[in-house]
Amino acid sequence: MTVSLPLVFVLGLIAWGAIKFLGVRTWVVVVVALFGFMLSQTFMAPAIDSGMRSGVDVINGSHD
């Protein structure tokens with residue numbers, strides 16, 4: 001059985017778990033999210049996107 005989850009949903013669950021179980025303050029999560037949003041508007045965005053896609057491909061493996 002294959003389950004597809006959007007990456008943003010998985011990251012949201014990780015953020016929720018960090019707040020709930022690790023005691024990370026909510027404002028820290030908000031600052032990190034805003035940093036990521038601002039970073040997406042820079043010249044580094046294509047490199048970050050490419051790196052994330054490569055990482056997801058490695059985790060998912062080959063489905064040929």
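Predicted model: local features only at pLDDT ≥ 70, side-chain atom pairs only at ≥ 80, totals over all residues.
Helix α1 spans residues 7–21. It has 15 residues and reaches 21 Å from its first C-alpha to its last, close to the 21 Å expected at 1.5 Å a residue. The residue G23 follows α1 and has a positive phi, near 75°.

A nonpolar patch lies on the surface. Its members are L7, L11, I14, F43, M44, I48, M52 and V56. Together they have about 750 Å² of accessible area. Two elements, α1 and α3 (45–60), each give two or more residues to this patch. I48 lies in helix α3. At 33% relative accessibility, I48 counts as partly exposed, because that class runs between 20% and 50%.

Rolling a probe the size of a water molecule over the atoms shows where empty space is left. The largest pocket has a volume of about 360 Å³. Its lining includes L11, I14, I48 and M52, residues that also belong to the nonpolar patch. Also in the lining are A15, V32, A33, G36, L39, S40, A45 and D49. Helices α1, α2 (26–39) and α3 each give two or more residues to the lining.

D49 also takes part in a salt bridge. Side chains of opposite charge can pair when their charged atoms come close. Here the side chains of D49 and R53 meet at 3.1 Å, N to O. The count for the model comes to one salt bridge. D49 and R53 are four residues apart in helix α3, so about one helical turn separates them. D49 is partly exposed, at 36% relative accessibility, whereas R53 is exposed, at 54%.

Key. Residues numbered from 1 in each chain as written. Heavy atoms only, no water. Patch = residues over 30% accessible without salt bridge, like charges linked within 9 Å, V, L, I, M, F, W, Y side chains within 5 Å. Areas by Shrake-Rupley, 256 points an atom, 1.4 Å probe, with all protein chains shown as cover. Salt bridge = Lys/Arg side-chain N within 4 Å of Asp/Glu carboxyl O. Buried < 20%, exposed > 50% of the residue type's maximum accessible area, 1.4 Å probe, protein only. Expected span 1.5 Å × (residues − 1). 1 Å grid on protein atoms, 1.4 Å probe; cavity = no way out; pocket = protein on both sides within 12 Å on 5 of 7 lines; lining within 4 Å. Points joined across faces, edges and corners; volume = space filled by probe spheres on them.
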